[in-house]
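Have the sequence to hand and turn the model slowly on your screen as you read. We will walk through it one region at a time.

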Amino acid sequence: MRGETDRLVDTGLIEGAVVDLVVRAANAATVVDAQRLVAELRGFSGVRTAEIVTALTPVAGDLDLLARLPVGPAQWGQELRVEFSATPARVELMPAAAEIAAAADRALAQPCRAVAPPPMLGSPLAWAITTGARAMIVAVDPARGWSALSDSFTTVLGYDRHRPPDCRLVDLIHPDDRPAAAAMFLACCTGRHPDRAVDLRLCTIGGHWRTIEVAARSFVDDAQVGAVVFFGLDVTHQRETERTARREQQRLARLVETTGDGLLLLDAAGRVGLANRAAHRLLDTGVTDDDDPIDWAAMIARAIERLGPDAGRVERLRAGFRARSAVVGEELAFEDGRVLELDLVPVSSPGDVDGGTLVHLRDVTARVAVRRGLEERSRGLEERNRALIEATALNNEFIASVSHELRGPLSSVVAFSHLLGDVTTGVLSEDQRTYLDVIDRNANRLLRLIEDLLLLSRLESRTLQLKPVPTRLPELLSAAVAERVPAALAAGIDLTLVCADGPELVCDDTRVHQVVDNLVSNAVKFTPSGGRVTVRAGPAEPPGEGWRVAVADSGVGIPAADLPRLFSAFFRGSNVTAVVGRQVMPGTGLGLVVSRAIVELHGGSISVASTEGVGTTVTLSLPTRPARNGG
């Protein structure tokens, strides 16, 4: 470079000041010297800017007039960047710029190794404060080396500051962080204080990395100090916590953005601080991520205008917002047919500080449409149900009225048929007695039908009042079965009762006797000669739960298709005409209906299990006491 300078001087291409700058750059020993030469270079009229900067700093200006000269190791990414005002100036001053860059490069390449700290720095008080400081304090003399001035250097990194490691300070810094450290040091060598602190990872004596927040102060122009002083705080745990918080914030942000519900966060003044895509969609803002921020106050005002007659709800929401109270499930119907469901949730920050209000929006248009349809259908069903109840009441009233009117004449027919059959009234021929038996049998059948209709009417209208009394069920069953023994013997059927002893049963004994008689009568009626009917009874399990009574027969059974309709009024099985070996009087189809109503009025239940051609078992469950007294 010296030969190039002599050549330029000889040819008269540069003036003496430039030559002097080149000579001093060739003799510069430290980075501070190089930075002072850079400052002098900026003073030349042909130079617009001259500065050692990070190579990644954006480039501006005319590239043809810009010189970018590397400084220090390439991995540090530093360069001297000089912008000239014109081409002649670039030609004249480029050698000086190159020599200054070379001087800075040489200075950075010199080993800056650790030296022992001075025995005393300033007053005893100042030295005590420095050595006991929480921050690591390291002084870097560009000409001598670096020294650790505070005991925190030992505490955090593990090195003895009085006998520091024989290495360059930069060797303790993570390779990825060295460009930032070099930029900070180079800035301090200009005599300026860096604007902000940077995080540097430093290696401990155990080989672990600690994150240190480093600030720097330049004292290179102070004749008594002549060094750059670095202050470092161990922020390893803090940065890890911050990274974790950022990850959680990012996850929360992604969750907020991907949710299908609209979310708005309003501050205490009602300004929107957060709005996800769904909120834009539901409020029809027409804004995408690339658009400028929108006027949310105007946007919300336009949304309120579209509420039309439902705007009264907005006043309630405003009142809830002012009162800092939660509002849940408020539906807002827009004029275009959409319905949004809105929640207001007050948000509190640590210390009970007002954190604003979270607004949660959901599109419930489809749900509201379904609900309204169900409400209309329900109203229709209620109207039909009322009509059905009225019709049922009229039907029951009609049946009760007709049955009552028929029962009187039929009772007279039965009574007078008995009188005609009395031998004291005269001798009847065989044909006359046969006719009289037919009259009596059918009149009695019709009378039983009327009685069943009246009873069913009272049961369905819940006007039948039970008369519960303490009852010994084994005695009641014995009486009911005994009444049917003659008919069973005549039909060649084995009728037996198997009853265990048990607690008293509080029931309407007349009605329970009617149920048992009906079931035993049906079993005998539909069992062929040679068959059997068994009545079994005993206390239910667990003890105290009432009684169970089962009437089982080996009769014709009930087809499976008929079982679901078995308890319908006037229903008779499709095989009632099945041959049982004798003539059977057809039933009315009301026996099981009446029986179930009586059992349920007691709080019990009745069930039927049957297999066609095998037999039928009807089981009663009766509680110890009736559930209610009729009605």
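Predicted model: local features only at pLDDT ≥ 70, side-chain atom pairs only at ≥ 80, totals over all residues.

Residues are numbered from 1 along each chain as its sequence is written, and side-chain values use heavy atoms, with hydrogens and water left out.

Let us begin with a sheet. Helices (H or I, at least four residues) and strands (E, at least two) are DSSP runs, numbered from the N terminus, and two strands pair if DSSP finds at least two bridges between them. Three strands make up an open sheet in the order 1-3-2, with antiparallel pairing. Strand 1 (47-54) and strand 2 (66-71) are at its edges, and each has a single partner strand, so one side of each is left without a neighbour in the sheet. From one strand to the next, the twist averages 15 degrees; angles run from 0 to 180 degrees between N-to-C directions, and axes are lines fitted to C-alpha atoms, for helices over the stretch in contact.

Now look at how these strands are joined. Strand 1 pairs with strand 3 in the antiparallel sense over seven bridges, and here Thr49 has Glu83 as its bridge partner in strand 3. Strand 2 and strand 3 (residues 78-84) also run antiparallel, joined by six bridges. Pro70 has Glu79 in strand 3 as its bridge partner, and Val71 stands opposite Gln78 in strand 3.

How many residues of strand 3 are buried? The count is seven of the seven, so strand 3 is largely enclosed by the rest of the structure; buried means under 20% relative accessible area, exposed over 50%, and partly exposed in between (1.4 Å probe, protein chains only). Both faces of strand 3 are covered, with Gln78, Leu80, Val82 and Phe84 buried on one side and Glu79, Arg81 and Glu83 buried on the other.

Helices come into this picture too. Helix 7 (residues 178-188) lies across strand 1 and strand 3, and runs at about 55 degrees to strand 3. Next, find helix 2 (residues 16-27) and helix 3: their axes come within 10 Å and cross at roughly 165 degrees. Helix 2 and helix 3 are therefore roughly antiparallel to each other; angles over 145 degrees count as roughly antiparallel, under 35 as roughly parallel, 65 to 115 as roughly perpendicular and the rest as oblique. Leu21, Arg24 and Ala25 in helix 2 meet Leu37, Glu40 and Leu41 in helix 3, where contact means heavy atoms within 4.5 Å. By class, this contact of helix 2 with helix 3 has four nonpolar, no polar and two charged residues (Ala, Val, Leu, Ile, Met, Phe, Trp, Tyr, Cys and Pro count as nonpolar, Asp, Glu, Lys and Arg as charged, and the others, Gly among them, as polar).

On to another open sheet, this one of five strands in the order 5-4-8-7-6, with antiparallel pairing. Its edge strands are strand 5 (145-148) and strand 6 (198-203), each of which pairs on one side only. The twist here averages 35 degrees from one strand to the next. Strand 4 (residues 136-141) and strand 8 (residues 227-234) run antiparallel and are joined by five bridges, with Ala139 opposite Val229 in strand 8. Helix 7 packs on this sheet, where it touches strand 4, strand 6, strand 7 (209-219) and strand 8, and its direction makes about 15 degrees with that of strand 7.

Finally, two leucines are worth a visit. Leu283 sits in the loop between helix 9 (277-282) and helix 10 (296-305), and counts as buried at 8% relative accessibility. Beyond its neighbours within four places in sequence, Leu283 is in contact with residues including Leu264, Trp296 and Leu361. Leu340 belongs to strand 12 (residues 339-349) and is buried, with a relative accessible area of 1%. Not counting residues up to four places away in sequence, Leu340 touches several residues, among them Leu282, Phe334 and Val364.
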